[in-house]
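I opened this notebook page to record what I looked up in one structure.

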Amino acid sequence: MACRRALRAHSQSRQLSIVHNHIFRLIKDAGSSARTFHSQRTLANKCQFGFLFDIDGVIVRGRKPLPLAKDAFQLLTENGKFKVPTLFVTNAGNSLRTRKAQQLSEWLGIEVSEDQVVMSHSPLKMFRQFHDKHVLVNGQGPIKEIAHNIGFTRVTTTEELAHRFPDLDKMDHQRKKAAPCAFEEYFPKLEAVILFGEPVRWEGPLQLIIDVLLTSGKPSDDVSEIPYPHIPVMACNMDLLWMSEHKIPRLGHGCFMNALEGLYQKITGKELKYTALIGKPSEITYHHADYLLTQQAKMMGVQHIRRIYCVGDNPTTDIYGGNLYNRYLQRRKSSNNGQVQTKKVRVASHRADAEFLDEASDDDDDDLDMSEFDSAANIRVIKSLEEDTLGVEKASSCETILVCTGVFRESTDFVSFAGSRISNHNHRDFVIDPMLTHPNHVVPNVLEAVKLVFEKETFA
């Protein structure tokens, strides 16, 4: 009953197109058409579509698989192998891909490889201009190993920094430690900060990261003048909320970022600038996933993925990101067809990462049709990825499917896409287009999402 109310709100929204109303009727009539579900097949049973599944709130809640999740993935596999190109795209950033693949395999009872997992930090492997820089990383779990695995060679964690500079963290008087040596001034300058995810304790990392920004990476130095722009900061996973076993969403890494931004601005009077924002809904995550999905499809004998279906529980990340990428695909298609492009947006001239970016001139930015919130580093990486994959066809479209088992629940007012209350849980630097939070489809759970797509694609 509750999910049907969400579907009615979805179809009645003034901003949704006639196509969306048609989709609503498809969902409503799904029961009557289910009898033909297994009788329709594509040529040679090969598909020209693929899935991007969120994990938390779609497949699991905390560490517990959601009901019907296993059933959904039984439809996607045959003899233990995936018959549809499938990726798991999560904003989690404190775990190795291998570990996440193992968890998915255990939860779903099928074999999931690490190549099918896209973590929030995965696209950082394309930020090669930073890989040889000395970086400070923050989060929890094996973040140093994660950083090395994606290409960073000189890594210091906030815990290691606190040990090297014991006078920095004074929040907990019981954790005071003696200085390991008297050569703090010889500590190599930190050249960038990477925020992988929320730490276990927030107070210490907030203090240390601000110290590093105020001293241009030399926390042993005094501050006579606040440096601005500060050294580059890259952040993964901007989710304000996420869904665990508890009934109310939990605070996510986006909350830690809000705390850091607020403290930095309060102390300096200036705005903290991000060199790159990675993870959903950032466009770069979907460029990366599209490429991986195409490679997976080719191994199945499918040369081109025409449609990507993004299944998620959060309108402001999963749905927004998928719709944003679809907008990019449509603009790209229009450009390739010789149609008039929309106005290009020039990247702001003020940016903190200028000395680390490649040698291309600023004029290159004028040639990029990107969203106005994309950072210079994001845009250049996307351009580089497009050049590296020249000749590899991208998907023609990207459709979004919202499930009612996670952050979005019709019984609460935390997150909505069609209600009278306007809530914005996206990051500060994302220019919100409310239309992009509207899903193409709303279904009760992930099983119904898979069935809906199979019906649309006449695939079994």
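My entries follow, by topic.

**Basis.** I worked from a predicted model, in which local features need pLDDT of at least 70, side-chain atom pairs count only at pLDDT 80 or more, and totals for chains, interfaces and linings use all residues. Residues are numbered from 1 along each chain as its sequence is written, and side-chain values use heavy atoms, with hydrogens and water left out.

**Six-stranded sheet.** I took helices (H or I, at least four residues) and strands (E, at least two) as DSSP runs, numbered from the N terminus. Two strands pair if DSSP finds at least two bridges between them. I found an open sheet of six strands with parallel pairing, in the order β7-β6-β1-β15-β16-β17. Its edge strands are β7 (117–118) and β17 (441–443), each of which pairs on one side only. I noted six bridges between the parallel strands β15 (residues 307–312) and β16 (residues 397–403). Gly312 stands opposite Leu402 in β16.

**Five-stranded sheet.** I traced an open sheet with parallel pairing in the order β9-β8-β10-β11-β14. Its edges are β9 (154–157) and β14 (276–278); each has a single partner strand, so one side of each lacks a neighbour in the sheet. Strands β8 (residues 134–138) and β10 (residues 192–195) pair in the parallel sense over four bridges, and Val135 stands opposite Ala192 in β10.

**Cysteines.** I searched for disulfides (cysteine sulfur atoms within 2.5 Å) and found zero. The closest cysteine sulfur to that of Cys398 belongs to Cys310, at 3.3 Å, which is too far for a bond. I classed residues as buried under 20% relative accessible area, exposed over 50% and partly exposed in between (1.4 Å probe, protein chains only). Cys398 is buried at 2% relative accessibility, and Cys404 is buried at 12%.

**Aromatic rings.** I paired rings of Phe, Tyr and Trp (its six-membered ring) with centres within 6.5 Å, calling planes under 30 degrees apart stacked, over 60 edge-to-face and the rest tilted. The whole structure gave 14 aromatic pairs. Phe51 and Tyr309 form a tilted pair, 6.2 Å centre to centre with 40 degrees between the planes. Phe51 lies in strand β1 and Tyr309 in strand β15, so this pair ties together parts 258 residues apart in sequence. Both Phe51 and Tyr309 are buried. Phe165 and Phe187 are edge-to-face, because their ring centres are 5.2 Å apart and their planes stand at 90 degrees. Phe165 and Phe187 are both buried.
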